[in-house]
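Visitor: Hi, I'm new to this one. Could you walk me through it, starting with the charged pairs?
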Amino acid sequence: MLRAVLDTLICGGPVMIPLAAVSLIAWILIIEKYFLLKKENTNPNKFSDDIIYLLKNKKKKQAQDLCLSNKKIIPSAALTILRSESENKQKLLNKMSQIFHEQYPTLEKNISTIAVLGQVAPLLGLLGTVGGMVSVFNAIKLYGAGDPQLFAKGISEALLSTQAGLFVAIPILFFHSYLTGKTDDIMNGLEKSLMRIINFISEGKNE
């Protein structure tokens, strides 16, 4: 199998080297981001329910301890709100906005890079295609079209590079979409949880 892969890389021409590099870098970033987002997986409804239940029963210390026991983004953000609950609702909303500005870049980091790599791959494949067709026309120009074997290498290079570009790009773009969706889910869950907690705190002050 390894031999077949090496033969394909050789037949695909020089563009296969940067294509392989793009694929390797993209998959390293995808795997790293997948496990980072998986680690942040929190049920926002259950978590906010637990916090509100403790606050409703005058157990602020237990609510803070629950946040401290979990190092994920949502509990850490909720702890910031709980420690600032003496402030008015607008200040709490400002705190939430600040949390968003701090946390989103961390979650979004490298996702745009993955997208760029997914877009570059088919362009590299197209470059290989052009290079292969140039070889074909050069062979025809020098030797004529009588012997197909003279320009078969160029056609093979063109087809393999196109195939490789698409083969690399499609799964990268799929996982980019998946990771973007997971990031949005976490941020939406963060917003929903903090808003529920802030609303509860504010309603308690108005009673």
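This is a predicted model: local features need pLDDT of at least 70, side-chain atom pairs count only at pLDDT 80 or more; totals for chains, interfaces and linings use all residues.

Visitor: Where do K61 and D65 lie?
Guide: Both sit in helix α4, which covers residues 60-68. They are 4 residues apart, about one turn of the helix.

Visitor: And is K61 buried or exposed?
Guide: K61 is exposed, with a relative accessible area of 54%. D65 counts as partly exposed, at 33% relative accessibility.

Visitor: How many salt bridges does a search of the whole structure find?
Guide: It finds 3 salt bridges. One of them joins K46 and D50, with 3.1 Å between the closest N and O atoms. K46 and D50 are 4 residues apart in helix α3 (residues 44-56), so about one helical turn separates them.

Visitor: Which residue forms a salt bridge with R196?
Guide: That's D49, and the closest N and O atoms of the pair are 2.7 Å apart. This pair links distant parts of the chain: D49 is in helix α3 and R196 in helix α8, 147 residues apart.

Visitor: Why does D49 count as partly exposed?
Guide: Because its relative accessible area is 39%, and partly exposed covers the range between under 20% for buried and over 50% for exposed. R196 is partly exposed too, at 30% relative accessibility.

Visitor: Let's change topic. Which residues form the nonpolar patch on the surface?
Guide: I31, Y34, F35, F174 and Y178 form it, with about 520 Å² of accessible area together.

Visitor: Which helix gives the most to that patch?
Guide: Helix α2 does, with 3 residues. Both α2 (16-39) and α8 (149-206) supply at least two residues each.

Visitor: What about Y178, where is its place?
Guide: Y178 is in helix α8. Y178 is partly exposed, with a relative accessible area of 34%.

Visitor: Zooming out, how many helices and strands are there in the protein chain?
Guide: There are 8 helices and 0 strands.

Visitor: What share of the residues is buried?
Guide: Buried residues make up 36% of the 207 residues in the protein chain. As for the surface, the chain exposes about 12,400 Å², and carbon and sulfur atoms supply 63% of that.

Visitor: One last thing: what share of the contacts with a separation of 6 or more comes from residues 24 or more positions apart?
Guide: Those residues account for 77% of such contacts in the protein chain.

Notes. Residues are numbered from 1 along each chain as its sequence is written. Side-chain values use heavy atoms; hydrogens and water are left out. Patches are made of residues with over 30% relative accessible area and no salt bridge: like charges are joined within 9 Å, nonpolar side chains (Val, Leu, Ile, Met, Phe, Trp, Tyr) within 5 Å. Accessible areas come from the Shrake-Rupley method with a 1.4 Å probe; for residues, only the protein chains shown count as cover. A salt bridge is a side-chain nitrogen of Lys or Arg within 4 Å of a carboxyl oxygen of Asp or Glu. Buried means under 20% relative accessible area, exposed over 50%, partly exposed in between (1.4 Å probe, protein chains only). Contact means heavy atoms within 4.5 Å.
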